[in-house]
Amino acid sequence: MSPVKKDSTLIFERSTPGRRAHGLPELDVPEVPLSTLLPTGMVRGTPPALPEVSELDVVRHYTHLSHRNFSIDEGFYPLGSCTMKYNPKLHEEVARLSGFARLHPYAPDDLAQGALRLLWELGEELSEISGMDTVTFQPAAGAHGEMTGLLLIRAYFEARGEHQRTSIIVPDSAHGTNPATAAMVGYKVLTVRTDPRGNVDLQQLKSLMDDTVAGVMLTNPNTLGLFEEQIDEVSEIIHRYGGQMYMDGANFNAILGVTRPGDQGFDVMHYNLHKTFTTPHGGGGPGAGAVGIKQHLAPYLPTPVVSHADGRYFLDYDRPQSIGKVKAFWGNFGNLVRAYAYVRTLGAEGVRNVAEYAVLHANYVRARLKDTYNVKYDRICKHEFVADGTRQKARNGVTTRDIAKRVLDYGFHAPTVYFPLIVEESIMIEPTETESLDTLEEFIAAMIAIDKEAAENPELVKTAPHTTVVRRLDEVRAARQPDLRWQADR
Amino acid sequence: MRYIPTTPKERDRMLEVIGVRALDDLFADVPASVRLNRVLDLRPALRDAGVIAYLGELAAANGDADRLTCFLGAGAYDHFIPPAVWQLVTRGEFLSAYTPYQAEMMQGELQAGYEYQSMICELLAMDVANASMYDGASAVAEAAVMARDLTQRDRVVISRAVHPEYRQVLATYTKPLGIQLVDVAVEDGRTTADAVRKAVNDRTAAVVLQQPNFFGAIEDVRAIADVAHDAGALLVLASADPLAFGLLAPPGACEVDIFAGEGQAIGNPLNFGGPYLGIIATRQSFVRRMPGRLVGATVDADGKRGYVLTLQTREQHIRREKSTSNICTNEALNALAASVYLSLIGKDGARRVAELSLRKTHYLKERIAAIPGYAITHKGPTFHEFVVRTPRPAAMIAKRLAAEGFLAGMPLGRFYRGMANHLLVCVTESRTKDEMDRFADALARAGGKPRSRGRAMTPSARG
């Protein structure tokens with residue numbers, strides 16, 4: 001936690017009429033009356049009540065706000081399912097090269113050869129890492145990738161005349177985006193439960209699967225942090241009925257270089273480049289959600305597709321069976337530059353090391369905490385594990401929410417809580433490969449100390465956090481009396 | 001191991017505590033049948049300096065807007081971005097933060113989000129704005145779905161003067177949902193109330209317009225909103241450059257129900273098309289049908305002002321298949337850049353940026369109108385873009401102009417049949433009179449007899 005705790009004055013409240021921060025140019029062409037350029041009815045009456053502040057006011061305001069924030073640069077984020085690893089500074093430098101940052105998306109192909117080559121090469125690297133045949137970079141984030149992937153599946157079945165496939169299977173442990181995406185592309189969601197070992201329940205999967213089902217959306221390793229041990233059987237069941245396998249790549253970090261979704265039977269997947277390939281989360285975005293596919297889905301890819309012939313790269317728009325576009329232009333290119341820099345820094349060995357050490361760190365924290373916190377599915381995990389606060393809650397009513405808030409007082413971000421939904425009072429911990437053993441030890445010590453506090457002084461935990469710039473916030477009030485903006489006349 | 005701090009000694013200690021012998025044992029649950037029993041076939045790893053050198057080489061092979069003078073817009077605009085914007089935005093505290101679910105330790109991000117929503121509402125004169133969408137195109141698509149949900153109707157009427165890529169994305173999103181799209185033709189570069197009146201019926205959920213439209217023309221939004229409302233439909237207004245509303249009548253003053261636009265122009269670099277940010281703003285009464293994250297003000301246990309993500313029961317992580325959208329990750333950092341930009345230009349600058357763009361555009365328009373062989377395609381008022389009829393295919397003209405150091409504009413043949421000889425030209429406040437004069441001269445030369453040696457200058461050829 002930063003020691004600097006400036007107040008929460010809004011930038012609007014720093015406004016002084018007539019003050020200016022901009023250095024806009026003077027008009028250097030002959031001035032004509034505005035009324036000759038615009039009909040008066042189309043001119044704005046009252047100006048927007050934007051802040052009237054100096055440049056230094058702006059710099060201080062946002063610097064103060066940054067001090068009231070937590071980030072990877074400041075401390076540890078054991079945030080399950082989010083892969084909050086270090087974002088190398090090198091990536092920021094290359095992403096800001098003017099040849100990338102100042103390149104217009106409609107620059108003709110001849111003037112974008114470097115950018116197109118980067119996309120081409122990144123596509124090759126990501127295809128090899130996932131065992132997929134080709135990649136599109138158009139989706140802006142993971143959920144957008146899911147939508148793109150399901151649209152590809154839908155187009156594939158439509159082309160084959162299999163219009164009867166109207167539903168899709170999603171495990172009960174899945175991210176909320178999976179069922180939400182299925183609904184957005186018009187599929188009905190069939191939920192398959194998790195078996196006692198933490199795998200998809202094969203018996204139920206068999207009973208759900210038939211030729212009215214388009215396929216399954218799986219996260220592997222799943223959101224319990226466990227590898228689907230029967231992935232071969234799952235693939236066999238789905239494909240036997242002609243279904244398609246979609247992989248949610250949120251947890252791809254755990255298996256890089258060890259096993260490839262393309263070899264596990266997946267037909268399409270998305271990569272969260274902002275997780276696995278460490279493009280910064282930016283406080284909630286931008287992400288980048290590339291989608292990898294097997295060849296049979298290639299005709300349906302969003303247009304355009306980056307292509308390469310005779311030493312020249314170009315955007316191929318001639319895709320008559322394409323699902324269309326999912327985003328204007330070609331994707332979140334700035335993040336693709338960062339992901340490319342990352343892959344080239346790591347190389348094959350480095351990519352595999354990521355998975356090995358992410359998994360090592362997660363298992364170490366699991367081994368150290370499992371005597372203190374219940375771990376419902378206690379076996380070797382992958383990059384994350386799901387503990388829970390059921391013991392603490394049963395003991396004296398201290399909930400997982402309380403524990404999470406108390407973690408903030410120890411200077412860490414909280415783990416992911418109350419997800420996956422199938423684990424009561426869940427606490428999902430993902431340490432990532434970039435944290436040192438010292439940091440892991442500090443976090444383990446904090447979690448053990450919080451358990452002790454919960455036993456001896458439950459009020460301390462129930463009223464946490466105590467060291468943050470504000471105390472626990474009233475979320476019910478925020479939802480019941482929505483105050484979503486500042487207004488001038490207040 | 002770059003970026004992995006664990007030493008071999010530490011690794012061994014950890015393995016021992018876990019109770020396994022080797023790293024490989026941690027993957028015993030991966031069936032042999034799906035294991036990769038070889039090393040990935042990737043390009044060799046580069047050292048840091050090598051990465052910088054190689055990416056520097058790729059960057060240098062591009063004709064960016066520093067190397068060529070940019071008269072190209074068409075949905076991505078070369079407005080000047082004050083250096084303070086990205087110096088603040090890329091502070092690690094913002095850049096490397098996660099979504100602010102743990103509100104107590106994320107007050108900076110949340111307050112910035114609240115301020116962003118407020119500034120967008122001020123600029124657009126709308127009631128509420130969300131914390132951002134992916135981009136303008138997907139925002140338009142989400143707005144159409146929102147309109148369907150609000151009206152329980154399944155038909156969307158859209159002007160052909162809305163950005164062609166927004167229309168393509170809208171088609172992708174709406175097709176599986178069974179929403180029918182109806183195109184409205186454009187007359188002299190603008191959408192007419194008459195044409196819209198003929199297209200709407202009692203199944204129409206929304207009429208989608210763009211302001212300024214794709215051709216740079218200024219639409220009569222109010223008149224068309226009336227037509228939409230008479231039919232019981234909502235008016236969805238797109239925009240590729242909301243900075244226009246520093247000068248133009250804002251959506252809120254034109255009876256717009258949902259604004260869905262692209263925020264790149266507000267402080268975000270061209271970035272070869274992304275990341276940008278989508279903006280959605282609407283009426284207070286529609287807030288619970290909005291997609292995406294919303295920041296709300298509240299109080300803490302001591303009654304102190306604070307901010308949280310709110311109305312989350314609309315969202316996928318709570319409502320799953322019944323959510324208003326599947327969106328999770330948004331474009332928070334780009335929205336932050338928009339707020340810093342709007343703070344810096346302020347009340348006065350918002351009008352100045354728009355007015356400078358408009359006046360300079362008018363100057364270039366008159367210059368080009370006077371060049372033999374060229375004409376201005378549409379008669380009505382335009383903002384910072386306009387269509388030029390070229391004496392030869394516009395793509396050829398653009399290629400010639402590139403050789404003279406200009407990004408000339410967008411040849412429209414790619415998007416509109418019959419418009420191969422039309423070029424969409426953009427002028428922001430950043431262009432100078434001198435640049436415009438040189439551009440007009442270059443156009444005049446390119447419009448004359450074709451030169452036999454005319455070829456695009458590749459960046460390597462510029463050396």
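Mentor: In this predicted model, the contact between the two chains takes 194 residues from chain B and 208 residues from chain A.

Trainee: How much area is buried between chain B and chain A, and what share do carbon and sulfur atoms give?

Mentor: Buried area is what two parts lose on being put together, summed over both. Here the figure for chain B and chain A is about 17,500 Å². Carbon and sulfur atoms give 62% of that area.

Trainee: How many salt bridges are counted between chain B and chain A?

Mentor: A salt bridge needs a side-chain nitrogen of Lys or Arg within 4 Å of a carboxyl oxygen of Asp or Glu. Between chain B and chain A there are 20. One to look up is Glu441(A) with Arg13(B), where the closest N and O atoms lie 3.5 Å apart. Polar contacts are a separate count: 100 residue pairs across the interface of chain B and chain A, both residues at pLDDT 80 or more.

Trainee: Which element gives the largest share of the side of chain B that touches chain A?

Mentor: Helix α11 of chain B, residues 332–369, which supplies 25 residues. By class, the side of chain B that touches chain A has 102 nonpolar, 43 polar and 49 charged residues.

Trainee: What is the average pLDDT of chain B?

Mentor: The average is 95, and 97% of the residues in chain B score at least 70. Residues 452–463 of chain B fall below 50, and beyond near neighbours in sequence that stretch has 18 contacts in the model.

Trainee: Now within one chain. Into which domains is chain A divided?

Mentor: Chain A has domain 1 (11–67), domain 2 (90–345) and domain 3 (356–476). Take domains 2 and 3 of chain A: their centres, taken over C-alpha atoms, are 31 Å apart. Domain 2 puts 22 residues into the contact and domain 3 puts in 17.

Trainee: Which residues of domain 2 of chain A lose the most area to domain 3 of chain A?

Mentor: The area buried between these two domains of chain A is about 1,500 Å², with 58% from carbon and sulfur atoms. On the domain 2 side, Leu224(A), Leu226(A) and Asn253(A) lose the most, together 32% of what that side buries.

Trainee: What polar links are counted between domain 2 and domain 3 of chain A?

Mentor: The count is one salt bridge and six residue pairs in polar contact, both residues at pLDDT 80 or more. The side of domain 2 that touches domain 3 divides into eight nonpolar, ten polar and four charged residues.

Key: Residues numbered from 1 in each chain as written. Chains lettered and ligands numbered in written order. Heavy atoms only, no water. Domains from an automatic or database assignment. Contact = heavy atoms within 4.5 Å. Buried area = accessible area lost by both parts, 1.4 Å probe. Polar contact = N/O pair within 3.5 Å; in protein donor to acceptor, adjacent residues only side chain to side chain. Nonpolar A, V, L, I, M, F, W, Y, C, P; charged D, E, K, R; others polar. pLDDT = per-residue confidence, 0-100. Helix = DSSP H or I, 4+ residues; strand = E, 2+ residues; numbered from the N terminus.
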